[in-house]
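Okay, thanks for coming, everyone. I'll walk through a few spots in this one, so let me put it on the screen.

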Amino acid sequence: MNEQLQLMIDWIEDNLNNQFSLNELSIYMGYSPYYCSFKFHQVTGISIRRYILFRKLYLSTKDLANNRKIIDVAFDYDYSSQEAYSRAFKTVFGISPREYQLNQLPIQSFVKITLNKDEEWCKMDVSRKIEVERLQHIHSELFDKDVLNILNGQIMYENFKDNRLMGDSDYAPFNEAMCVNATTKQVFDKEFIYTRAFGHHDSVENYINKVIDPLDNLFNKEYKCIVLWFGEDMFCQMNLLTLLSYLEQSGYEGKVFLNSFREDEFKVNQTELKLGHYYSIYKEVLVHHTKPSNELLPVMYQAIDIYLNMLKEDNEVVKYISKNKDLTTSELIKRLFALFPTVGYGDSQYIEIINKIK
């Protein structure tokens, strides 16, 4: 079935700039329209129309970055008007096409699905060192000793620290999963530590050893600049939001850079951030589970949308697991990693959901 589904995806990609017709796809495939829709959703976890929407809008950002006229981009991707294209763009990315064109802010990538025999996405592995060297030519001052790099997770931290990828600067890991369990308004205080440890079914002592102690430099040293290395997915972006909230609460006055990246090819988008509204967003989203009232980077806006949807009992991940309960837990986890890269959950988060459903 993988070969047939890949043919379906290839046909969709070849016809992205045309008005989609499920009947034409079904004729090409030799299956009924219902069967095409059902199999696509069953394997990929997303509907055909939603896949097309995301792919078109993601590809259109490249045209916008090349300063093409917005109305021409709209027509090229089969929108009836510039207004219709702009509405769809803002719904997905949280900003207008014009705002993106002017600022080229980081967004979540939505690349073409490529299936191999194990129904997993093919991934590209590009050296982190090469990409970091490119960044050094842009901002050499970020490699000084007065800079702290906070990296999402222990593995990335060890890789950067052991290889001194950022020169004489300091390194710290953020080992958390803010996208699950309750949190508190004040970040990293005693109530926060107790609440997070309880949610993770861990002791306060273990939580402090794993999460708080590694951030000692953040708490006790002064830096002219802090560089935050976080992926595009929801998991990483909720961690990022938490750290930005802490920087506001602690009165940090230095520069803040976000190095947002895709895990599969480690292509970094570097953006200087201005503090001032992240704490209010943190309270709205992670404490009260409501939509933010402030404008955001598109990549965080998209992540928050995923986060709020994941809080629903009938979210896409739950639906997929429910439909595939006959698979082993290890097979399910393998598929979930491949099918829902924008969620960014780890093994433990998926195992908890699987056990609840099974």
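Let's begin with Ala88, which sits in helix α6, residues 82–93. One thing to keep in mind: this is a predicted model. Is Ala88 buried or exposed? Its relative accessibility is 16%, and the cut-off for buried is under 20%, so Ala88 counts as buried. Setting aside residues up to four places away in sequence, Ala88 touches Leu53, Leu57 and Tyr79. Take Leu53: it's 35 residues from Ala88 along the chain, and their C-alpha atoms are 8.5 Å apart.

Next, Asn149. You'll find it in strand β1, residues 147–152. Asn149 has 0% relative accessibility, so it's buried as well. And what does the Asn149 side chain make a polar contact with? That would be the side chain of Trp229, at 3.0 Å. If you skip the neighbours within four places in sequence, the contacts of Asn149 are Met166, Ser169, Asp170, Tyr171, Ala172, Val227 and, again, Trp229.

Last stop, helix α16, residues 316–323. Which of its residues are buried? Val317, Val318, Tyr320 and Ile321. Looking down the axis of α16, those buried residues fall within an arc of 165 degrees, so they line one face of the helix. Among the elements covering them are α3 (33–44), α15 (298–310), α17 (329–339) and α18 (347–357).

And have a look at the start of α16: there, a side-chain oxygen of Asn315 comes to within 3.0 Å of the backbone nitrogen of Val317.

Key. Residues numbered from 1 in each chain as written. Predicted model: local features only at pLDDT ≥ 70, side-chain atom pairs only at ≥ 80, totals over all residues. Heavy atoms only, no water. Helix = DSSP H or I, 4+ residues; strand = E, 2+ residues; numbered from the N terminus. Buried < 20%, exposed > 50% of the residue type's maximum accessible area, 1.4 Å probe, protein only. Polar contact = N/O pair within 3.5 Å; in protein donor to acceptor, adjacent residues only side chain to side chain. Contact = heavy atoms within 4.5 Å. Arc of directions from axis to C-beta.
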